[in-house]
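Please keep the sequence and the structure in view while reading.

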Amino acid sequence: MSDDALKQLLGFRSELLGFIRAILRNPSDAEDLFQETCRIILEKSRQTADVLDFRAWAKEIARRQVLQHYRTLRLRKTSTVPSEEMATLVSDVYLRNSPSPGEMAEESAALRACLEGMPERQRHLIRLRFLAGQGYDSIARAIKGSEGAIRRMVARTRLLLMDCVRQRLGLAGRGN
């Protein structure tokens with residue numbers, strides 16, 4: 001199953017990392033924990049028969065890794081660590097409110113259509129910021145603008161995209 005698990009994991013990467021980030025609230029720790037979680041998922045996939053719900057299985061592995069991470073931090077007493085109950089609560093809320101794969105595909109298609117309808121300059125900013133992961137300062141240098149202006153333009157563009165996606169999905173006015 002490991003080849004199949006790898007394909008599923010690659011398709012699920014953003015959602016799983018988002019899940020871990022939502023619970024940890026520390027991007028650096030989340031990235032480290034994500035990598036460890038992926039390693040465990042691939043290792044366990046070699047030992048486990050077919051998994052019926054890969055997403056749920058992978059998220060449970062991630063949740064357990066987060067809880068172990070909190071236990072380790074608590075033992076080190078390096079910082080204030082949320083309780084395991086809090087981590088479980090955040091995890092449960094996230095899982096209950098996660099969109100289904102079909103909903104995610106529909107949202108993704110709507111977002112692509114909305115992006116295609118935007119002026120090239122706005123699409124370019126969104127690509128630099130979110131696909132290339134560049135910071136506002138480097139974008140400002142690249143397009144010879146001020147960092148503040150870039151922040152405002154990205155924020156306005158995100159709002160326009162959000163409104164466009166909501167309209168395409170028929171969610172306008174529902175507060176989603």
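## Terms and overview

Before two helices are compared, one convention is needed: a helix axis is a line fitted to C-alpha atoms over the stretch in contact, and the angle between two axes is taken between their N-to-C directions, on a scale from 0 to 180 degrees.

The model described here is predicted. Its protein chain contains eight helices and zero strands, and the order along the sequence is α-α-α-α-α-α-α-α. Of the 176 residues in the protein chain, 29% are buried. Among contacts in the protein chain with a separation of 6 or more, 59% join residues 24 or more positions apart.

## Helix H2 and its buried residues

Helix H2 covers residues 27-47. These 21 residues reach 30 Å from the first C-alpha to the last, close to the 30 Å expected at 1.5 Å a residue. The buried residues of H2 are Ala30, Leu33, Phe34, Thr37, Cys38, Ile40, Ile41 and Ser45.

Threonine 37 belongs to helix H2. Its relative accessibility is 0%, and therefore threonine 37 counts as buried. Residues up to four places away in sequence aside, threonine 37 touches Leu16, Ile20, Ala58, Ile61, Ala62 and Gln65.

## Glutamine 65 in helix H3

One of the contacts of threonine 37 is Gln65, a residue of helix H3, which spans residues 54-76. Is glutamine 65 buried or exposed? Glutamine 65 counts as buried because its relative accessibility is 17%, and the cut-off for buried is under 20%.

With neighbours within four places in sequence left aside, glutamine 65 is in contact with Leu33, Glu36, Thr37 and Ile40.

## Helix H8

The 23 residues of H8 should span 33 Å at 1.5 Å a residue, and the end C-alpha atoms of H8 are 33 Å apart, which agrees. Buried positions in H8 are Ile150, Met153, Val154, Thr157, Leu161 and Val165. Which helices do the buried residues of H8 pack against? They pack against H5, helix H6 (120-131) and helix H7 (136-143). Just after H8, glycine 170 takes a positive phi of about 75°.

## The packing of H5 and H8

Helix H5 (residues 101-116) packs with helix H8 (residues 147-169) at an angle of about 125°, and their axes lie 9 Å apart. H5 is therefore oblique to H8. The crossing of H5 with H8 is right-handed. On the H5 side, the contact is made by Glu106, Glu107, Ala110, Leu111, Ala113, Cys114 and Leu115; on the H8 side, Leu161, Cys164, Val165, Arg168 and Leu169 take part.

Cysteine 164 is found in helix H8. Cysteine 164 is partly exposed, because its relative accessible area is 22%. Cysteine 164 and leucine 115 lie 49 residues apart in sequence, with a C-alpha to C-alpha distance of 9.1 Å in space. Leu161 and Val165, which also belong to the contact with H5, are among the buried residues of H8.

Technical notes. Residues are numbered from 1 along each chain as its sequence is written. This is a predicted model: local features need pLDDT of at least 70, side-chain atom pairs count only at pLDDT 80 or more; totals for chains, interfaces and linings use all residues. Side-chain values use heavy atoms; hydrogens and water are left out. Helices (H or I, at least four residues) and strands (E, at least two) are DSSP runs, numbered from the N terminus. Angles under 35 degrees count as roughly parallel, over 145 as roughly antiparallel, 65 to 115 as roughly perpendicular and the rest as oblique. A crossing is left-handed if the near helix is turned anticlockwise from the far one by less than a right angle, and right-handed if clockwise. Contact means heavy atoms within 4.5 Å. The expected span of a helix is 1.5 Å times one less than its number of residues. Buried means under 20% relative accessible area, exposed over 50%, partly exposed in between (1.4 Å probe, protein chains only).
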